[in-house]
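Keep the picture open beside the text as you read.

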2 protein chains.
Amino acid sequence: MKNILIFGAGRSATSLIEYLIQHAETYNWQVWVADASYELVMSKIGNHPRAKGIHFLADDTQKRREYVQNADVVVSMLPVSLHNLVVQDCIEFKKSFFNASYISNELRSAENQILADNLLFLGEMGLDPGIDHMSAMKIIDKLHAQNAQITSFKSYTGGLVAPAHDTNPWGYKFSWNPRNVVVAGQNTAKYLYQNKFKYVPYQRLFAEAESVTIQDKGLFEIYPNRDSLSYQKAYKLEQVPTLLRATLRQKGFSAAWNVLVQLGLTDDTYQLDNLSNTTYKEFFTSFLSPEDALHGEEILEQVHHKFQLHWHPQTMEKLTYLNLWSDELIGLSKASPAQVLQHRLEQLWKLEPHETDMVIMQHEFEYVKDNQPYRLTSTLVQEGKDATHTAMSNLVGLPLAIAIKCFLIGEIQLTGLHLPILPEIYNPVLAELDKLGVRFKETTQAL
Amino acid sequence: MKNILIFGAGRSATSLIEYLIQHAETYNWQVWVADASYELVMSKIGNHPRAKGIHFLADDTQKRREYVQNADVVVSMLPVSLHNLVVQDCIEFKKSFFNASYISNELRSAENQILADNLLFLGEMGLDPGIDHMSAMKIIDKLHAQNAQITSFKSYTGGLVAPAHDTNPWGYKFSWNPRNVVVAGQNTAKYLYQNKFKYVPYQRLFAEAESVTIQDKGLFEIYPNRDSLSYQKAYKLEQVPTLLRATLRQKGFSAAWNVLVQLGLTDDTYQLDNLSNTTYKEFFTSFLSPEDALHGEEILEQVHHKFQLHWHPQTMEKLTYLNLWSDELIGLSKASPAQVLQHRLEQLWKLEPHETDMVIMQHEFEYVKDNQPYRLTSTLVQEGKDATHTAMSNLVGLPLAIAIKCFLIGEIQLTGLHLPILPEIYNPVLAELDKLGVRFKETTQAL
């Protein structure tokens with residue numbers, strides 16, 4: 001019997017846990033799920049005989065090491081800051097490790113040790129990063145095999161709300177960590193456009209969102225991700241003139257979000273004290289200047305005027321919906337502006353139990369083959385079942401779960417530190433995802 | 001004989017060194033000046049019998065400790081990051097310490113030790129911080145003694161170019177560390193306005209500069225400093241409804257600087273590699289978006305259009321003057337955008353040897369005394385003699401030099417860690433500054 005140990009039973013772990021439990025009998029696995037909330041663990045594993053819930057904090061070193069020692073493979077679905085605790089245990093006790101987060105420098109520095117011990121450490125094995133790598137690499141490898149020259153690669157991913165439950169002016173509800181949404185983009189974005197580097201600082205990121213068309217879905221908008229160039233080499237695209245990875249949102253989201261950015265409401269660099277008796281209105285007016293109030297206008301009017309929103313009624317509608325100038329108490333004692341904003345948004349952008357999310361990923365390649373230019377578009381659209389069984393949880397958890405299965409039954413025999421860019425990984429995983437209905441629509445047109 | 005040891009002979013140390021040397025014979029001092037550049041040291045001390053130049057790097061621990069051990073008082077004019085090396089030596093060898101920089105948390109943590117050893121550590125003893133503290137506290141203490149209630153305190157300081165040598169459209173030349181000018185404001189500014197906290201993020205700081213009138217000098221503009229509230233308690237202004245510390249610039253400076261900020265040219269968070277063969281134009285266009293170039297306009301036109309500068313010819317004139325779209329090579333191999341910009345500005349905003357700078361500091365108080373509201377305005381305007389004997393160097397160095405003199409001859413008998421907010425410090429120092437022509441013009445009007 002193989003013991004699979006999962007740290008973290010949160011939002012993104014649902015499908016991972018369910019898949020592994022479903023296959024546990026067939027492959028003779030025992031699935032251990034550890035979380036700081038025992039209730040949460042039990043809600044995810046029920047009383048399945050192949051699953052065991054464990055209750056402890058990830059920084060309880062003694063317990064953590066005890067369980068890692070007894071495991072065959074270890075998965076971390078913990079917050080990013082805690083992965084390294086688990087990683088260190090896995091290195092010490094020589095256990096293979098899987099997660100869905102970016103490969104950290106700490107992990108990178110252990111690369112030789114992992115290889116020497118014949119372990120597999122597979123990171124970035126979720127949705128984005130994860131499915132994006134696999135689906136893009138499959139196309140890149142195919143095009144390279146055909147001697148095609150790739151001249152442009154753009155890739156967009158968005159975790160959105162499904163159209164049926166798109167009930168607020170922002171076209172957005174939280175299907176993953178709200179904090180990541182609020183502080184998104186606070187590092188300068190870098191990408192490559194026609195062989196020129198492009199740099200977009202935070203102050204301009206949301207102001208300059210661009211329109212894109214998603215196959216069968218119509219117009220959306222994108223803003224560039226932190227560093228599109230970081231995968232240039234891994235993707236074997238050293239010669240590509242245009243390379244852009246971006247985040248996808250509903251049209252109009254970024255223009256309104258930019259107002260929050262410009263005001264300073266996404267600032268996470270300092271804490272506001274004594275919020276206990278502070279209303280949203282008092283909080284909000286701290287970000288208006290004395291000059292804005294010179295004409296004694298209502299706050300709504302001040303915002304309107306400050307950002308010249310006369311011709312942008314949809315931006316104004318979004319801001320009005322947040323009602324950050326209400327007389328309600330915030331109900332936090334100490335928080336950064338970003339945390340206050342997050343607190344408000346979690347009330348307003350909550351996915352209700354019966355509501356569903358939608359994930360969209362689209363890759364756009366331009367390439368030249370036999371002197372003929374083509375455009376290849378590959379699009380994944382997935383909706384969730386409800387607020388627990390989200391498309392997000394599915395698409396983050398299933399690649400991980402499938403990779404663990406493939407590893408345990410010997411279909412993946414790699415060792416070392418990897419992200420899923422090799423055919424040995426992406427072929428079996430994408431094939432099973434396809435069986436489970438996670439399928440890209442690919443179209444190619446001559447240009 | 002007393003040994004005074006000065007670390008750093010740079011831009012701001014000129015007047016400090018000259019004052020101490022001038023008074024060395026009278027008070028029987030030996031002045032030691034240490035710098036990484038022996039040439040620089042010698043240019044500042046000449047062959048004066050009371051002065052000795054020392055040549056070593058501040059992080060040469062052995063030499064540093066050797067000289068600190070032999071000193072009676074130690075002054076650090078080093079870059080901020082190096083002060084702590086000297087501070088630690090002074091604590092170990094029980095030497096009193098003076099500098100013109102903000103009191104760091106490290107220094108604050110040694111407070112009890114300093115007091116127990118009967119030492120004086122005097123920080124923030126330059127211009128801003130320094131003269132601002134002393135001149136403001138003298139007024140605050142006077143008003144409090146008269147039972148006046150201070151309702152507003154605003155204080156502005158600017159290191160500018162003198163009108164006679166104001167020969168570029170920005171009205172600005174460097175009289176102090178250029179780097180500090182380029183990265184200024186990158187922390188959220190905080191101030192108090194009519195009992196409300198106000199927060200201004202970097203992205204809005206320069207966009208919302210306000211006009212102020214300087215006595216006898218006319219209109220200028222200000223943008224708020226990092227944290228105006230940090231001195232609220234030290235200034236005994238816990239009850240004041242409005243408290244603002246700000247940086248002073250010529251009218252129009254901030255609107256044009258804001259364009260550089262919005263583009264991302266002041267970004268110091270990442271390095272650009274391979275600049276060796278890069279022109280300013282190539283560098284600059286990395287901060288324009290592909291959409292800006294869609295109409296094939298010249299770069300000048302793209303900037304014009306991007307920031308809607310049709311009605312802001314003076315902003316456009318300033319940007320044109322920088323000519324960041326020239327075909328010249330930058331001439332650096334690796335640098336952050338901020339460092340590239342600084343490199344360009346150092347060519348254009350250089351104070352030529354015969355040119356002079358100008359420092360302006362103005363305090364504006366509003367207070368109520370016997371039910372009558374008043375406004376008190378206190379203004380210092382100083383011009384330098386040439387590019388070496390700048391007003392900036394004078395106003396940073398003289399307060400330090402005078403304080404050291406007062407300490408050595410027993411006119412200041414305090415011990416412990418201080419900034420110059422006590423009458424025991426500001427009275428003798430301001431009195432001597434006045435004799436040397438450093439004098440505020442104070443006017444009061446009933447409102």
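## Helices, a sheet and an interface

In chain B, helix α8 (residues 131-145) and helix α17 (residues 423-435) have axes that come within 10 Å and cross at roughly 110°. Angles of 65 to 115 degrees count as roughly perpendicular, so α8(B) is roughly perpendicular to α17(B). Please remember that this is a predicted model.

Which residues of α8(B) and α17(B) meet? From α8(B) come B:Ile131, B:Met134, B:Ser135, B:Met137, B:Lys138 and B:Asp141, and from α17(B) come B:Pro423, B:Tyr426, B:Asn427, B:Val429, B:Leu430 and B:Leu433. Sorted by class, this contact of α8(B) with α17(B) holds 8 nonpolar, 2 polar and 2 charged residues.

Now turn to chain A. Helix α13 (residues 299-306) and helix α14 (residues 313-322) of chain A pack with their axes 11 Å apart, at an angle of about 145°. The crossing of α13(A) and α14(A) is right-handed. On the α13(A) side the contact uses A:Leu300, A:Val303 and A:His304, while α14(A) brings A:Met316, A:Leu319 and A:Thr320. In the contact of α13(A) with α14(A), 4 residues are nonpolar, 2 are polar and none is charged.

| Helix pair | Axes | Angle |
|---|---|---|
| α8(B) and α17(B) | within 10 Å | roughly 110° |
| α13(A) and α14(A) | 11 Å apart | about 145° |

Next comes the sheet. Chain A has an open sheet of 7 strands in the order β3-β2-β1-β4-β5-β6-β15, with parallel pairing. Its edge strands are β3 (51-55) and β15 (416-418) of chain A, each of which pairs on one side only. On average, neighbouring strands of this sheet are turned by 20° against each other, direction ignored. In general, strands of a sheet pair through backbone hydrogen bonds, either parallel or antiparallel.

For a closer look, take β4 (residues 73-76) and β5 (residues 96-99) of chain A, which run parallel and are joined by 4 bridges. A:Val73 stands opposite A:Ser96 in β5(A).

Helices also lie across these strands. Helix α3 (residues 38-45) of chain A lies across β2 (29-35) and β3 of chain A, at about 170° to β3(A). Helix α16 (residues 391-408) of chain A lies across β1 (2-7), β2, β4, β5 and β6 (120-122) of chain A, running at about 160° to β5(A).

Finally, where do the chains meet? 29 residues of chain A are in contact with 29 residues of chain B. About 2500 Å² is buried between chain A and chain B, and carbon and sulfur atoms give 49% of that area. In chain A, A:Tyr199, A:Gln203 and A:Pro290 lose the most area to chain B, together 23% of what that side buries.

Conventions. Residues numbered from 1 in each chain as written. Chains lettered and ligands numbered in written order. Predicted model: local features only at pLDDT ≥ 70, side-chain atom pairs only at ≥ 80, totals over all residues. Heavy atoms only, no water. Axes fitted to C-alpha atoms, helices over the stretch in contact; angles between N-to-C directions. Helix = DSSP H or I, 4+ residues; strand = E, 2+ residues; numbered from the N terminus. Parallel < 35°, antiparallel > 145°, perpendicular 65-115°, else oblique. Contact = heavy atoms within 4.5 Å. Nonpolar A, V, L, I, M, F, W, Y, C, P; charged D, E, K, R; others polar. Left-handed = near helix turned anticlockwise from the far one by under 90°. Pairing = 2+ DSSP bridges. Buried area = accessible area lost by both parts, 1.4 Å probe.
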